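Dear colleague,

I am handing over a structure for your study. Please look through it first, and then read the notes that follow.

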Amino acid sequence: MTPALPVIDMASLFERSYAAGHREVADEIARACRTHGFFYLIGHGVGPEVLAALEAESRAFFGRPPDEKLRIAMARAGRAWRGYFPVGGELTSGRPDLKEGVYFGTELAADHPRVRAGLPMHGANIWPGTPGGLRPAVEAYMSATTRAAAALMRGVSLSLGLDADYFERTYTREPTVLFRIFHYPARGPEGIDWDGAWGVGEHTDYGLLTLLAQDRNGGLQVRGPDGWIEGPPIEGTLVCNIGDMLERLTRGRYKSTPHRVLNLSGRDRLSFPLFFDPDFLAPMRPLPVAVVSGWGARTGATDRWDGENVHLFEGTYGDYLLGKVAKVFPALRTAEKLAS
């Protein structure tokens, strides 16, 4: 069956010097970003053994008793915003998601300048204290997927008529890299309404690119030009989608696409999104007008799921990210303010 979303082979983008396949891949990226804002990737360099180890260790972690998982609850990580949250602990559009998860990010030591400065979402990950291989599995996957995302951004640059390293020079020299493991139970705790509720409700991602691995159980849905379409798992691929700040930086040429998750498989579902986003401190100024002239920036009325307009935002990526995260974890945001 031919997938509804395009499949792009990004292997040539790992070549730093210009390769013959770069232009063709860049054109495919441009078409995908102008239509669905979602596409599958092959040639991404994330080995099947890396994903297999991550899935096995993740299932082992989520199979632990609740009190063991809560030993690495997000509240314990402070400003770093890392760790575990239970089913219903994350909100989308004000409603609890029917998933649990663990948050990770770039590992930074206590003496890193940004950690010393107290920047939110910077610091060390927290790990289960019991024996197991979750840490090496997560770190191997994050390393491989971050490398793929950086290479893919070179293709995005070329797709916009820029040189391959434009985003690296201007927005991602020190990228914000965040990683999540999400577990969508087939059914879960008592006291939660599981009928007609979403694993994750309709939303868009915040930054530049999301690279997603998903298990065999499916559930991802993407809002296409003619309605919602399925984004089923395809073995050996990652799913890529673009986020709000890429829409803003391109003045609406590339538009972040709403998506959601409904686990109807009758089995527990795992997904592994890695977010490759701008430097936390980078001002989110759009690309030069000359680059996007004639594209018609979408700066007027919006039909976004949340009624907001990303083109009116002014500030750094960190400003945007914290404003969004405050709505996802309001209690944690309140605690962070009290601690500051």
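Two strands are said to pair if DSSP finds at least two bridges between them. Please keep in mind that this is a predicted model.

With that definition, one may turn to the pair formed by β10 and β11. Strand β10 covers residues 220-224, and four bridges join this strand to β11, the two running antiparallel. Within this pair, R223 stands opposite W228 of β11.

Both strands belong to an open sheet of four strands, ordered β8-β13-β10-β11, with antiparallel pairing. At the edges lie β8 (200-203) and β11 (227-230), each of which pairs on one side only. On average, neighbouring strands in this sheet are turned by 20° against each other, direction ignored. In general, the strands of a sheet pair through backbone hydrogen bonds.

Next, consider H22, which is placed in helix α1 (residues 22-35). Is H22 buried or exposed? Its relative accessibility is 5%, and buried means under 20%, so H22 counts as buried. The side chain of H22 reaches the backbone oxygen of E15 at 3.4 Å. Leaving aside residues up to four places away in sequence, H22 touches S12, L13, E15, S17 and L158.

The buried residues of α9 include Y317, Y320, L321, K324 and V328.

Yours sincerely

Key
Residues are numbered from 1 along each chain as its sequence is written. This is a predicted model: local features need pLDDT of at least 70, side-chain atom pairs count only at pLDDT 80 or more; totals for chains, interfaces and linings use all residues. Side-chain values use heavy atoms; hydrogens and water are left out. Buried means under 20% relative accessible area, exposed over 50%, partly exposed in between (1.4 Å probe, protein chains only). A polar contact is a pair of N or O atoms within 3.5 Å; within protein, one must be able to donate a hydrogen and the other to accept it, and residues adjacent in sequence count only if both atoms are side-chain atoms. Contact means heavy atoms within 4.5 Å. Axes are lines fitted to C-alpha atoms, for helices over the stretch in contact, and angles run from 0 to 180 degrees between N-to-C directions.
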